[in-house]
Amino acid sequence: KKRIAVLTSGGDSQGMCAVVRAVVRAGIYLNCEVFGCYEGYSGLVQGGKLLKKLEWGDVRGWLSLGGTLIGTARCKEFREREGRLSAAKNMILRGIDALVVCGGDGSLTGADLFRSEWPDLVKELVANGTFTDKQVEPYRNLTIVGLVGSIDNDMAMTDHTIGAFSSLERICEMVDFIDSTAASHSRAFVVEVMGRNCGWLALMAGICCGADYIFIPERPAKAESWKQSLKEICLRHREKGRRKTTVIVAEGAIDDNLQKITSEKVEECLVEMGLDTRITQLGHVQRGGTAVAFDRFLATVQGVEAVKAALENTPSTPSPMIGILNNRVVRMPLMEAVKLTKSVATAISEKRFEDAMGLRDSTFKE
Ligand code: ATP
């Protein structure tokens, strides 16, 4: 029987539990044994109890849960070759030669590096006497499959990452709560939302909550004039009878001089207009709560596809990342998606804003 391990790594997101459930059950259905690797890559590096076979019933009830019940971690040891050598040893000890990783671009980069090093790691484990040639014979190659679990929706080559819609839902609920008090007191609220250097959550929340103004990294505000523009637009809305003002600021919002647009700068502007203004940092509630239906669906269909991809991958094909494009589940070359994602950040830091928008177009649709 083929043995597959599944792990969640990097920042948590809603839907990660549903991914583990789907991989475990699709694996069992397709006649594999599936191991849960606990605490991200630490489970591979340390082995032992952190690498545990999961049965059908072990993931019962996991479909809707938030966070990840097999844990996630940022594992320093796995960044070092020594750590990856230990990971290879623990995998071979359990007879595992396929790994499904659900995480962000960092986790997927680590997975791909592990795969490319694998043949050398195995040779070293023979050379240092851990295993014999015969013992490692069935494990000459490692299969890696990536799934993107991230609330930020910041991965290229896929329309949606697992967790993004749940996080968006949380933000919208919170802004709705704020709205009622804002309208009662005729106040202005500056709401800061997560997303790192991706503005998807902020833009979508702004649209879905009818914000007056939205700041996102992909469309940097004009340093010269954004304050004036913000004031004019908010004032126009007030003059038309709006009793509240809502401004959404993405975590990574910048102006075209690459200066950070902070909630405090925005607040200052609104106060200058005479508005009673409050800042709300939503913080970690954005990662919390159950997964919305779309994330349950995405995690399930992509988890099933990940197991199929693990069974079909050959040593000569690049590691696949499972994505969704135009409502179809697809396999993309993992490292191409990671490289494209990184080039968006580079384009922004080099002030090539138009390029950044173009590069992100599979992830970030206006
Ligand atoms: P998020 O987007 O939520 O931060 P991420 O997957 O990008 O998720 P990282 O902290 O970058 O989060 O990576 C998670 C873990 O993946 C790291 O702690 C490390 O164990 C492993 N990892 C990341 N990059 C590498 C790398 N280049 N080589 C080896 N391992 C890596």
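Is Asn153 buried or exposed, and how many C-beta neighbours does it have inside 10 Å? Asn153 counts as buried because it has 25 C-beta neighbours inside 10 Å. The rule is that a residue is buried if 20 or more other C-beta atoms lie within 10 Å of its own, exposed if 12 or fewer, and partly exposed in between, with C-beta atoms placed from the backbone.

This is a predicted model, in which local features need pLDDT of at least 70 and side-chain atom pairs count only at pLDDT 80 or more, while totals for chains, interfaces and linings use all residues. Residues are numbered from 1 along each chain as its sequence is written.

**Confidence**

- For the complex, the predictor gives an ipTM of 0.92 and a pTM of 0.94.
- Where pLDDT is low, the predicted coordinates should not be read in detail.

**The chain as a whole**

- The chain has twelve helices and twelve strands; helices (H or I, at least four residues) and strands (E, at least two) are DSSP runs, numbered from the N terminus.
- A compact globule of 366 residues would have a radius of gyration near 21 Å, and the 23 Å of this chain agrees with that. The radius is taken over C-alpha atoms, and the globule rule is 2.2 Å times the number of residues to the power 0.38.
- The C-alpha trace spans about 80 × 45 × 35 Å along its principal axes.
- Of the 366 residues, 51% count as buried.
- Take the contacts between residues at least 6 apart in sequence: 76% of them join residues at least 24 apart. Two residues are in contact if their C-beta atoms, placed from the backbone, lie within 7 Å.

**Around the ligand**

- The ligand is surrounded by 17 residues, and the closest are Gly10, Gly11, Gly104, Gly106 and Gly110. A residue is near a molecule or strand if its C-beta atom, placed from the backbone, lies within 6 Å of it.
- Helix H4 (residues 105-127) gives the most to this shell, with six residues.
- Sorted by class, the shell holds four nonpolar, ten polar and three charged residues. Here Ala, Val, Leu, Ile, Met, Phe, Trp, Tyr, Cys and Pro count as nonpolar, Asp, Glu, Lys and Arg as charged, and the others, Gly among them, as polar.

- Helix H10 (residues 293-312) has 20 residues and reaches 29 Å from its first C-alpha to its last, close to the 28 Å expected at 1.5 Å a residue. The expected span is 1.5 Å times one less than the number of residues.
- Among the buried residues of H10 are Asp295, Arg296, Leu298 and Ala299.
- The 14 residues of helix H8 (residues 226-239) should span 20 Å at 1.5 Å a residue, and the end C-alpha atoms are 20 Å apart, which agrees.
- Just after H8, Gly241 takes a positive phi of about 110°.

- Most residues other than glycine have a negative phi.
- Asn153 has a phi near 50°, a positive value, and is found in the loop between strand E5 (143-150) and strand E6 (162-163).
- Ser186 also has a positive phi, of about 60°, and is found in the loop between helix H6 (164-185) and strand E7 (188-193).
- Ser186 counts as partly exposed because it has 13 C-beta neighbours inside 10 Å.

**Residues to find for yourself**

- Ala88 is found in helix H3 (residues 81-94) and is buried, with 28 other C-beta atoms within 10 Å.
- Not counting residues up to four places away in sequence, Ala88 touches Trp118, Leu121, Val122 and Leu125.
- Met174, in helix H6, counts as partly exposed with 19 C-beta neighbours inside 10 Å.
- Leaving out residues up to four places away in sequence, Met174 touches Leu282 and Val285.
- Asp179 lies in helix H6 and, leaving aside its neighbours within four places in sequence, is in contact with Lys244 and Thr246.
- Gly358, in helix H12 (residues 353-359), is exposed, with 11 other C-beta atoms within 10 Å.
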